[in-house]
Amino acid sequence: MRKLSKKLKALLVFLLVFACVFTFLFFNGYSGLHLRKKANDGQIKVACVGDSVTYGHAVDIWFKNNYPVVLQNLLGDEYLVNNYGVSCATIQKTGDFPYLKTKSYKPSIEFDADILVFMLGSNDTKPYNWTDKETFKKEYIELLNSYLNDNNPEVYLCTVSRVFYKDPEQTTGESTYFVQENIIKIVNEVVREIAEEFDYNLIDIYSVTNEHREWYKDYVHPEADGAKAIAEEIYNNIK
């Protein structure tokens with residue numbers, strides 16, 4: 001058998017490494033890919049709009065265990081749940097990655113959801129993204145209002161999940177990914193205020209995750225057990 005050329009060997013090694021890296025990224029929720037479906041006639045459409053926690057970042061076997069998939073399983077075939085989570089996305093337009101500039105924003109609008117589950121704000125707490133409570137609230141309402149089309153979806157606003165620190169005694173400052181727990185609390189104040197002012201349904205995801213440090217390996221993203229608990233809490237509110 002003719003020996004493989006050096007270039008072909010290098011190509012095969014590259015393809016093997018690429019396949020291994022991609023497999024790891026995909027199975028652990030780091031790839032950024034989305035698996036979405038079109039609704040059948042009569043299905044109730046649920047749009048889960050959010051950041052990396054919605055997407056399923058760091059969740060083992062991501063495509064089976066991210067919270068929108070678990071929510072789909074709980075709700076059953078009467079519903080179609082699509083995941084519009086985007087890692088690093090912010091509410092604020094001055095943030096480093098505004099949600100309205102992501103590739104998921106337009107599809108999430110065009111999905112024309114019957115139910116909107118909205119959970120954004122964690123990435124706004126990063127020091128280089130955060131402005132102030134008033135600006136955050138104003139732009140949160142603006143982004144949310146862009147979903148209030150003629151279909152008039154039922155809106156569920158979620159407080160963002162708890163963030164932990166490597167040092168359990170730390171209570172302020174940056175955790176991993178620069179997210180700040182003390183600013184998370186301000187974000188959640190805003191979410192509660194908006195839910196009350198506009199009579200939206202409020203789902204307290206912060207309380208669901210607050211006492212469960214064991215769900216976090218990286219201190220910021222709930223893993224599979226946390227995603228399941230989040231899905232169950234949303235399910236209980238919808239049903």
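A residue is called buried when its relative accessible area is under 20%, exposed when over 50%, and partly exposed in between, with a 1.4 Å probe and protein chains only. This is a predicted model, in which local features need pLDDT of at least 70 and side-chain atom pairs count only at pLDDT 80 or more, while totals for chains, interfaces and linings use all residues. Residues are numbered from 1 along each chain as its sequence is written, and side-chain values use heavy atoms, with hydrogens and water left out.

Helices (H or I, at least four residues) and strands (E, at least two) are DSSP runs, numbered from the N terminus. In helix 4, residues 67-75, the buried residues are Tyr67, Pro68, Val70, Leu71, Gln72 and Leu75. Among the elements that cover them, through contacts of heavy atoms within 4.5 Å, are strand 1, helix 2, helix 3, strand 2, strand 3 and helix 9. After helix 4 comes Gly76, which has a positive phi near 90°.

Strand 3, residues 115-119, leads on to the pairing with strand 4, which is parallel and runs over 4 bridges; two strands pair if DSSP finds at least two bridges between them. Within this pair, Ile115 stands opposite Glu154 of strand 4. The chain passes from strand 3 to strand 4 through helix 6, residues 133-145, in a right-handed β-α-β crossover, meaning that the path over the helix runs clockwise from the first strand to the second when the strands point away from the viewer.

Strand 4, residues 154-158, is mostly covered, with 4 of its 5 residues buried. Strand 4 also pairs with strand 5, residues 201-203, in the parallel sense over 3 bridges, and here Leu157 stands opposite Leu202. Helix 7, residues 181-198, carries the chain from strand 4 to strand 5, and this β-α-β crossover is right-handed.
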